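Reader: Please take one part of this model and go through it closely. I would like the charged contacts, and then their surroundings.

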Amino acid sequence: MASPTSVAPSHRRHLTITPASVILVCVAALLAIGLIVLYSASSAVKGAAPATYLFKQLIFLGLSIGAAWMVVLADLESLRRFAWIAAAAALIVLVLVLIPGIGVEVKGSRRWLNLGFTRLQVSEFAKLAMVFALSHYLALNQNKMDDLKRGFLYPCIGIGLFAGLIILEPDFGTAFLTGALGMILLFLAGGRLRFILPCVTLASGAFVVLILHNPVRLRRITSFLDVEANRSEGAYQLWQAILAFAAGGVDGVGIGNGRQQQSFLPEAHTDFIFAILGEELGLIFTMLTVVLFITIFVAGLVHVRRAPNLFQFLLVTGSLLLICLQAIINLGVVTGMMPTKGMSLPFISAGGSNLLLMGFLVGIIINTSRAWQRPKPLERKRALAEVVG
């Protein structure tokens, strides 16, 4: 038998950089930036103490870390048997939130359930439930994707149920994100374009018709097309965000020295917090934030290439896209590249529901990183044989 001193060096553990560890570092950096900017952005919110939103965010950050840790310790393959239960529960809650007296209405939208100590935005978790159930279904039917019913119609009905109930809240942006994400996963699972393209065309047409018959959403579109002419009305929020970026310049005006959160920019601590970041921390930190999200996306793509089966591939891809697509939409809206839409910036905006969702998503990515790196039984036997003999 080899002596311990001769064996140990060859089996000494080395620090390795994995895609999941890169994602974790980027998430930590985004959270740090978010907490700093949130304290400043929420300091002038009427009816709240300067640290109120920061304190709430820290509480939900703790809950989010706990949620991520539970997911990391879970066996995702064993949890697959609960996929249909999770989907059914999410659909039931999406129906309940539409009922007056149960769902909480804010600014004309009924998206929240009042839990007493906080409000829960149910569509956030419905997105994850849809990804989980859809990944499970497509993995079970991966050899039947040529079939019209099993390979297209059934999953489309499921996607349509989730997106349809969300659009009734109404939440057009989240409904669009949910439908687009579902179709992307369907395509990645082997869905045929001859089925998908006509469906996407019809759904897009229906979406446009709904916008044309909704005065609030239509005004957002027309204001977006001519921001300067509508800067005192429909495009006021976007105009103030543009002014914030202009005032920040390269270096920023410094934390706490921004003007836009002083009742000039509505929703400065939530949907438009990126504008406050640009004003107070400048171009360097705005670009850093964008680079961090790009790094998360690229590292995620590298990570999913090692997926052992279709279910885990789709689940991790869906989790990655939920983070990155939401970030793209928020950044596009705040910088004037997309029409105004109320959607949080992941890890940075104030909001407990979205932060909890991000905890689950990051937990899934870390979980699969640990599972995919775990040596197989045969590999463990070979490693043991090398050590002892």
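Author: Start with a salt bridge between Arg111 and Asp171, whose closest N and O atoms are 3.8 Å apart. This is a predicted model, and the values here are computed from it. The pair connects distant parts of the chain, 60 residues apart. Arg111 sits in strand S2, residues 109-114. Asp171 sits in the loop between helix H7 (148-167) and helix H8 (172-188). Both Arg111 and Asp171 are buried.

The relative accessible area of Asp171 is 0%, so Asp171 counts as buried, the cut-off being under 20%. Lys341 has 12%, so Lys341 is buried too. Shared partners join Arg111, Asp171 and Lys341 into one network of salt bridges.

Now the surroundings. Gln121 touches both Arg111 and Asp171. Gln121 also touches Trp112 and Ser353, with residues up to four places away in sequence left out. Gln121 belongs to strand S3, residues 119-121. At 14% relative accessibility, Gln121 is buried.

Helix H14, residues 352-373, holds Asn354. Asn354 is buried, at 5% relative accessibility. Leaving out residues up to four places away in sequence, Asn354 touches Glu124, Gln326, Ser344 and Pro346.

The side chains of Glu77 and Arg80 meet at 3.4 Å, N to O. Glu77 is partly exposed, with a relative accessible area of 31%. Arg80 is buried, at 14%. The structure has 6 salt bridges in total.

The largest nonpolar core has 100 residues, and Leu138, Leu186, Ile296 and Phe347 touch the most other members. Helix H13, residues 310-334, gives this core its largest share, 15 residues. Take Ile296 as one case. Ile296 touches Ile23, Cys26, Val27, Leu30, Leu320 and Cys324, not counting residues up to four places away in sequence. Two of those partners are cysteines. Cys26 is buried, with a relative accessible area of 5%. Cys324 is buried as well, at 6%. The structure holds 0 disulfides.

Val250, Leu283, Ile284, Phe285, Met287 and Leu288 make a patch of about 520 Å². Leu283 lies in helix H12, residues 273-304. With a relative accessible area of 43%, Leu283 is partly exposed.

Leu63 and Gly359 are 296 residues apart in sequence, yet their C-alpha atoms are 8.3 Å apart in space. Leu63 is in helix H3, residues 52-73. At 44% relative accessibility, Leu63 is partly exposed.

Finally, the whole chain. It has 15 helices and 3 strands. Of its 389 residues, 47% are buried. Among contacts with a separation of 6 or more, 72% join residues 24 or more positions apart. The chain exposes about 19,400 Å², with 68% of that area supplied by carbon and sulfur atoms.

Conventions. Residues are numbered from 1 along each chain as its sequence is written. This is a predicted model: local features need pLDDT of at least 70, side-chain atom pairs count only at pLDDT 80 or more; totals for chains, interfaces and linings use all residues. Side-chain values use heavy atoms; hydrogens and water are left out. A disulfide is a pair of cysteine sulfur atoms within 2.5 Å. Buried means under 20% relative accessible area, exposed over 50%, partly exposed in between (1.4 Å probe, protein chains only). Patches are made of residues with over 30% relative accessible area and no salt bridge: like charges are joined within 9 Å, nonpolar side chains (Val, Leu, Ile, Met, Phe, Trp, Tyr) within 5 Å. Accessible areas come from the Shrake-Rupley method with a 1.4 Å probe; for residues, only the protein chains shown count as cover. A salt bridge is a side-chain nitrogen of Lys or Arg within 4 Å of a carboxyl oxygen of Asp or Glu. Helices (H or I, at least four residues) and strands (E, at least two) are DSSP runs, numbered from the N terminus. Contact means heavy atoms within 4.5 Å. A nonpolar core is a set of buried Ala, Val, Leu, Ile, Met, Phe, Trp, Tyr and Cys residues joined through side-chain atoms within 4.5 Å.
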